[in-house]
Amino acid sequence: MFGLKIERAPASLLQRFMIPIIAVAITFILASILILIAGANPLEVFYEILFKPFTKRTSRIEILVQATPLILTGVAVAFAFSAGYYNIGAEGQLYAGALAAALVGPKLAPLPQFMAIIIMLLAGFIAGALWALLPALLKVKLQVDEVVTTLLLNSVILFFISALLNGIWRDPISGWPKSPAIARSAEFPQIMARSRLHFGFIIALLSLLALWWVLKRTRFGLELKAVGLGKEAARFMNIKVAKTMLAAALISGGIAGIAGVSEVAGLHHYLIDGISPGYGYTGIIVATFGSLNALGIAFAGLFLALIDTGSLSASRSLGIPAYLGDVIQATLLLATLVALLLNNYQIRRKDA
Amino acid sequence: MQALVKLENISKYFGSVIANENIHLEIFSGEALALLGENGAGKTTLSKMLFGMYKPSQGAIYINNRAVKLNSPKDAIDHGIGFVSQHFSLVPSLSVAENVVLAKEGGAILDLKKINEQVAATAKKFGLSLKPQAIVSELSVGEQQRVEILKALYRECKLLILDEPTAVLTPQDVRALFKTLKSLQEKGLAIIIITHKLDEVIEISDRVAILRHGKLVSTEITKETNARALANLMVGRDTIAVSRNTDHRVDEQILFAVKDLSLKNKRGLKVLKDISFNIHASEILGIAGVAGNGQTELLRVLNGLQKPDRGEAVLAKQKLSFNDSQHYNNLQIGRIPEDRHKATIADLSVAENLVLEHIEDFSKAGQLSKKAINQYANKLIKDFQIKAKANDKARTLSGGNLQKLILARTLAKEPKLLIVAQPTRGVDVGASEYVHQKLLEQKRNGAAILLISDDLDEVMRLSDRILVIYEGEIMAEFAAEDASREGLGLLMAGNRDAA
Ligand SMILES: Nc1ncnc2c1ncn2[C@@H]1O[C@H](COP(=O)(O)OP(=O)(O)O)[C@@H](O)[C@H]1O
Ligand SMILES: [Mg+2]
């Protein structure tokens with residue numbers, strides 16, 4: 001009889017190296033089909049998305065601006081996923097951080113800049129962690145599935161913020177739904193002249209460093225990985241599984257919160273609806289595609305930022321829908337997940 | 001008479017482990033054949049080959065005299081074989097009827113009413129009391145098992161294999177099951193029932209096939225044999241040439257005392273019944289028993305993974321706090337667990353697996369000391385002859401080497417009390433020998449050792465004193481030199497008169 005079966009068999013080193021490349025290739029083949037349907041030339045579109053942004057200074061910098069929240073949410077997700085805690089709530093935690101920034105920011109005028117920024121970051125971290133707390137507690141105390149709870153809480157905070165923006169915060173004169181502006185001292189400084197690139201990018205780089213250091217160099221990081229890779233065995237080896245998982249969830253929420261602060265303090269200087277076009281979800285792609293390690297996340301964050309930047313300009317110049325970028329990212333996630341699966345499982349022909 | 005199913009010279013190897021070797025066996029329609037054997041004798045492996053889940057390494061299977069290749073459960077089902085495994089494969093949220101029909105392929109559209117009628121008809125025909133609309137998650141274990149049986153019957157099986165069906169059942173459910181099996185037999189089905197309980201064999205079977213260490217040692221007509229003879233066949237009368245621990249000198253001092261441990265499982269069944277024992281310094285206390293008689297639960301309690309309902313354990317005047325394994329390091333309790341894979345992490349390195357249990361010794365202010373970790377790991381790898389490098393993933397280790405890893409991390413701490421479970425399960429001969437040596441060495445160094453094993457040879461070989469556990473209860477105690485395989489075998493199978 002002929003058939004296929006799936007066996008657990010780790011891929012070879014060469015295969016591991018090839019897998020992300022193949023994932024990208026598959027993604028672009030699938031995207032080509034859509035581009036053809038949209039009536040454009042795939043090669044032209046891919047040039048526009050992948051290479052054109054490098055030709056101009058503003059778009060080169062724009063990639064870094066876009067990468068900032070993606071790297072931060074990617075790191076946030078990686079902390080949680082490493083502990084086997086599937087936090088799908090980075091989006092909501094980001095908004096919690098942004099909300100905290102909008103609440104605290106206007107009151108920091110009397111403080112010197114570095115103090116104000118530290119307070120902003122702390123407030124964002126705490127808000128993100130608090131927003132992550134309930135699902136985390138439900139998970140470790142009652143084994144309630146965190147995928148569902150973290151996901152559901154995303155819309156809760158979105159509606160809450162929407163209510164604030166359209167209610168008490170609505171600008172009385174212009175009628176704009178936006179929060180009061182934060183104090184000048186609380187704004188992140190620009191780190192490059194004549195550009196939108198701000199201090200948040202430095203924080204994103206620091207978060208990568210922190211991820212690397214915690215996972216590779218600290219006892220907590222090792223315990224985190226142990227819990228993620230084998231909960232039962234971790235417990236046997238004296239690791240406090242619930243505490244570790246809770247800590248991972250809160251750190252994850254906190255860093256996502258900082259991503260929110262960074263968007264408010266670095267770019268907009270007040271809170272508006274749609275401050276994140278789904279960075280929290282894209283962070284999941286970044287973390288997964290970056291295989292949960294710092295270097296991978298840096299690359300994945302930049303790559304997805306490139307696609308974001310490029311597809312926007314491609315839609316302008318070639319008249320294809322801007323959603324193409326989202327489609328490419330989502331396809332990439334699926335291709336990566338399949339590739340990851342193939343990392344550990346192989347499909348073989350069943351021998352008779 | 002022509003056999004319904006015939007196994008010819010069947011062998012199955014897992015690497016170097018012999019699970020089954022040269023098995024010849026015939027099963028006839030209308031008979032109940034008991035497959036008897038100690039744990040690890042190869043009963044499950046044999047039945048999984050019949051159900052197409054494993055491929056024989058050698059040999060042939062004939063059904064109605066025709067050679068068949070069973071490459072998947074589907075093939076087996078098509079050939080009229082049904083299998084009720086130890087682990088049910090039911091969808092809890094679906095109804096009985098849906099579960100039964102799910103298993104049968106074909107037809108995209110479900111007509112619920114028709115299905116319910118069909119399933120009810122099948123249940124009625126075979127005298128199984130089950131409501132087709134009942135949701136599986138709301139059924140008792142006994143009823144769920146009935147659903148599994150119904151599944152097989154609905155697919156018109158001619159041979160029904162049940163792997164240790166009574167292990168999970170209450171005595172009442174066992175009665176009901178046996179009644180069902182008898183009536184199936186009368187309808188002409190062949191039944192293979194796997195068990196290691198002698199009274200059940202005597203009650204239910206027409207013939208008994210006895211497996212020992214993967215080989216078929218004998219096939220007996222049940223009426224012409226008795227419990228004692230079967231026990232002998234099961235555990236082997238011949239005390240194989242193992243060098244037994246003959247140095248039974250133990251310390252006066254009682255190091256570890258367990259008193260009145262009791263535990264109920266989730267379903268409210270008593271799984272530990274007032275377990276009490278003492279272990280002296282320099283003593284190996286063996287607990288013999290067939291798997292599933294409370295050993296796992298006793299280990300969970302003693303290993304600090306679960307609180308008992310009642311009772312206490314005291315090590316050198318210190319009471320154990322049962323659900324705080326951190327506490328175990330301080331008390332110098334070493335644990336070698338029943339299941340290696342639940343005590344090591346496959347995707348972490350050998351070095352990390354060696355240090356995690358005592359990670360506080362290898363970190364300063366929260367930072368790992370990589371150098372100390374690697375030095376320590378390399379030392380243990382050398383001292384305990386682990387065939388691996390410090391940075392290898394634990395996943396790449398063979399069973400024997402993984403066991404050495406656990407042994408290394410445990411013994412390196414020179415524990416006062418050592419709780420050892422199934423130390424050589426699935427481990428090759430060389431490594432087994434090594435593990436035994438190390439345990440005896442610990443005894444000589446003054447450790448109190450609790451040894452829980454399904455392998456009777458191992459218990460007899462190492463222990464100074466032996467307890468027999470059956471259904472969560474200590475049945476008897478022997479000094480090692482007074483213990484015989486026959487006596488232990490009968491007690492392990494629940495035959496109290498043997499004491
Ligand atoms: N999938 C497997 N891989 C490796 N070894 C196995 C596997 N299944 C069973 N074994 C080994 O084969 C032997 C027989 O096991 P099994 O058939 O489960 O025995 P029983 O059902 O009689 O308790 C044991 O030594 C067991 O460790
Ligand atoms: Mg078995």
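**Strands and helices, chain by chain**

I419(B) stands opposite L450(B) in β20(B). Keep in mind that this is a predicted model.

Colleague: Which strand does β20(B) join over five bridges, and in which sense?
Modeller: I419(B) faces L450(B) in β20(B). Five bridges link β20(B), residues 448-453, to a strand at residues 417-421. The two run parallel, and that partner is β19(B).

Colleague: And which strands stand at the edges of that open sheet?
Modeller: The order is β16-β19-β20-β13-β21-β22 in chain B, with mixed pairing. An edge strand here has a single partner strand, so one side of it is left without a neighbour in the sheet. That picks out β16(B) and β22(B).

Colleague: What angle does α13(B) make with β16(B)?
Modeller: Helix α13(B), residues 399-411, packs on the sheet and touches β16(B) and β19(B). Its direction against that of β16(B) comes out at about 175°.

Colleague: Over to β8(B): how many of its six residues are buried?
Modeller: A190(B), I192(B) and I194(B) point one way, while I191(B), I193(B) and T195(B) point the other. Both sets are buried, so going by under 20% relative accessible area, the count for β8(B) is six of six.

Colleague: Which residue of β8(B) is the bridge partner of L35(B)?
Modeller: β3(B) pairs with β8(B) in the parallel sense over five bridges. β7(B) also runs parallel to β8(B), with five bridges, and there I161(B) stands opposite I192(B). For L35(B), the partner is I194(B).

How values were computed: Residues are numbered from 1 along each chain as its sequence is written. Chains are lettered from A and ligands numbered from 1 in the order in which they are written. This is a predicted model: local features need pLDDT of at least 70, side-chain atom pairs count only at pLDDT 80 or more; totals for chains, interfaces and linings use all residues. Side-chain values use heavy atoms; hydrogens and water are left out. Buried means under 20% relative accessible area, exposed over 50%, partly exposed in between (1.4 Å probe, protein chains only). Helices (H or I, at least four residues) and strands (E, at least two) are DSSP runs, numbered from the N terminus. Two strands pair if DSSP finds at least two bridges between them. Contact means heavy atoms within 4.5 Å. Axes are lines fitted to C-alpha atoms, for helices over the stretch in contact, and angles run from 0 to 180 degrees between N-to-C directions.
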